[in-house]
Amino acid sequence: MIIERDLTPYVVYSGDPVLRALEKITANKARVIFLVDSHGHLDGVLSDGDFRRWVSSAASLTTDVPAIEAANTAPRSLPVGSSPAEIAHAFGSGIDHVALVDERGHLVAVAINRADELRIGRHVVAPDAPALLISEIGINHQGEVSLAKQLVDLSVEAGADVVKFQLRDMDSLYRQGSSGSGGEDLGPQYTLDLLAKYNLDADGLFEVFDHCKDVGIEVMCTAWDPVSVDRLVDYGITSLKVASADMTNHALLRHMAATGTPMVISTGMSTEGEIRETVEVVRSTGVAHAFLHCQSTYPAPFKDINLAYLTRLAELTQAPVGYSGHERGFHVPVAAVALGARIIEKHFTIDRGLEGNDHKVSLLPEEFKEMVQRVREVEEALGTNAPRAVSTGEMMNRVNLAKSLVAARRIEVGEVLTDADVDIKSPGRGLQPNAYDRLVGRTTTRALDAGDFFYATDLGDAAPRGRAYDFRRPWGLAVRYHDIDAMTKDTTPDFLEFHFSYKDLDLPVADVFAKYDGGLPMGFTTHSPDLFAGDFLLNLASEDDVHWERSIRELQRVVDTTREMQQHFTRHADAKGATEGPVIVASLGGFTTDAFVAPAERERMYARVAEGLARVDDSGVRLCAQTLPPYPWYMGGQLYCNLFVDPRDTAAFAEQFDRRLCFDVSHSKLSANYLGMSFAEATDLLAPHTEHLHLVDATGVDGEGVQVGDGEIDWAVLAQQLDAMSPGVSFIPEIWQGHVNDGEGFWIALERLEQWF
């Protein structure tokens, strides 16, 4: 079990509204919250079950009522000094959180029926949380407060979650106190002499700890003796480290545990029998804890590290496990994360040539920073053991590279398909070849020409088709030149949005529209290509002048082509007056290949984009910057997008440079998820600057193009916001592959969108 003394996630005041309590229940993921009065006295508990019972019995519902009205006012509680056995007996019947109170009934701790989680300051160590990365400064400060602070600052820059130090009371720790090392063997004498030179006392360390608070990084400290434990706890340390040398020091462990401070215990220099003994000792205290696999040699030979023991250590401890590394390099900690380590500790220095063994096995700041990056990449790559699904990037490549079932000849409605009627050809837009046996023998419900794709609807009912739709704002369809007729066969949209390929820009516009005598009876918008000949990606943020200049030229070609198209449409704009001209949607760049840029660099990149746009003659059109996802997919591969991702700086760009936006709600929902921002807040920022909308759903941080209603967007809320802040703004349903099977995905989307828009 865990005795949690950080009560903030688990407590609200009894007079707080029910809504506040529900928000905390959701945030702490415990599905329970404790209610206290203004003096901290336990008044009640509110769980999901309590809330449901209250809802079912309440005469009228409002979330403004005090939470105590919905709570159980006779919660199960125990005295704070209860033994682990007594607390364990209190669990059960769906109760996994028990209040621990003092003699006056004040809530002082919560016992939690789990051992796979602990909290270190702001950080949670748990199976579903990122690994906690500790910069072990130890005594690498050489006894200098100023160097210690410098190492803290460098650790922050490198991405460490925690910095760790060591505190010793020399008089209580060593048999000769601080008076000298005479009479000791060579090894202890070396260590004692080193500590005499470089040890920082508690007051010196606390000055460094105060600096850690100022720069926003958590502190852990190894306490080598009871005196040091007490000093650290009195200071308010959020976690204590147990050195490998003290893993068998049960008296010290019990002294630490009695403070209730979370403990991280290294297992170097210990046998498995000793580890088992310590596990039982620590578990009996109820304190939150974790164990670190460790090879206490400086530097540790790779052959002795035995990372595979991490799995066994987790089985033995039934608690979070991690790795404390003393080997050269940082590749072993990265491998440890792949094997389940939830904590990584590596020594940190500015110079491996300084005196002391720790420096020799320490990482330099840039090395630690790279370790952080590689660990986070591995964590992303680990994923889950859920059934395999096809990623967005794979789906794109599947369309490009896979094969489909296609008609081998002209097939009429009502024919029974035979082997001779079905062929297997690339690309992979239609039914996969594994559907061959289910397709042959079916009666066709539609006519196909030779080479037409078969789709999933050919295995069942007829596919949806376009019809007349009723929307409060102009609506359109995404098309290519070659499928205008197919998309407008059964419906007449207010406009068409032409998604250009770079080859489309080479076609004579007059030839494309020659057959539409008198022009098409609708308006139009266009969408610039992202990719141009020679694997060239448009990027107006590029620092490469050659790339930047070509991006300007390519975007100008899109504008010129759009202007030339206007004569072939009876309406020259989708929603605004004809004098404003058609919308052009463009992704303006700002991507990087390996990682995001620092946020401070974005202002300069936006200025570069604005400078490029100023070079484009966009008179007679409405050139709009498209909002972008954090991880855009280009030709089946993922990049990192830095601009038009964060709604805050996107809106600031639009305001500063008087530019309008194409609000792609899928892209921006992914961005909001990535940023941890409410999508409603993102919409509030973007909608006032929106000239055009792409309506499509999204999942996670890179699942774009999802069918409306199949993702995470709350469409009812979004519709209300857009009606208020972007009334009359045009939209298309930009479902990925929505055009296949004569627009099947678009018709489904429009059918669903009609209820909200």
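Start by selecting Phe498. Keep in mind that this is a predicted model. Skipping its neighbours within four places in sequence, Phe498 is in contact with Val479, Tyr481, Ile484, Phe513, Phe524, Thr525, Thr526, His527, Met565 and Phe569. Now widen the selection to the largest nonpolar core, which has 81 residues. Phe498 and Phe513 are the ones with the most contacts inside this core. Colour helix H20, residues 545–565, next: with six residues, H20 gives the most to this core. As background, nonpolar side chains in soluble globular proteins tend to be buried together.

Next stop: Lys346, in strand S17 (residues 343–347). Is this lysine, Lys346, buried or exposed? Buried, because the relative accessible area of Lys346 is 0%, and under 20% counts as buried. Show the side chain of Lys346 and look for the backbone oxygen of Glu327, which lies 2.8 Å from one of that side chain's polar atoms. Beyond neighbours within four places in sequence, the contacts of Lys346 include Ile134, Ser135, Glu136, Val361, Leu363, Phe368 and Met371.

Last, select helices H22 (residues 647–657) and H24 (residues 679–686). Their axes come within 9 Å and cross at roughly 5°. Angles under 35 degrees count as roughly parallel, so H22 is roughly parallel to H24. Show Pro647, Arg648, Thr650 and Ala651 on H22, then Ala682, Leu685 and Leu686 on H24, to see the contact. Its residues divide into five nonpolar, one polar and one charged.

Conventions
Residues numbered from 1 in each chain as written. Predicted model: local features only at pLDDT ≥ 70, side-chain atom pairs only at ≥ 80, totals over all residues. Heavy atoms only, no water. Axes fitted to C-alpha atoms, helices over the stretch in contact; angles between N-to-C directions. Helix = DSSP H or I, 4+ residues; strand = E, 2+ residues; numbered from the N terminus. Parallel < 35°, antiparallel > 145°, perpendicular 65-115°, else oblique. Contact = heavy atoms within 4.5 Å. Nonpolar A, V, L, I, M, F, W, Y, C, P; charged D, E, K, R; others polar. Buried < 20%, exposed > 50% of the residue type's maximum accessible area, 1.4 Å probe, protein only. Polar contact = N/O pair within 3.5 Å; in protein donor to acceptor, adjacent residues only side chain to side chain. Core = buried A, V, L, I, M, F, W, Y, C linked by side-chain atoms within 4.5 Å.
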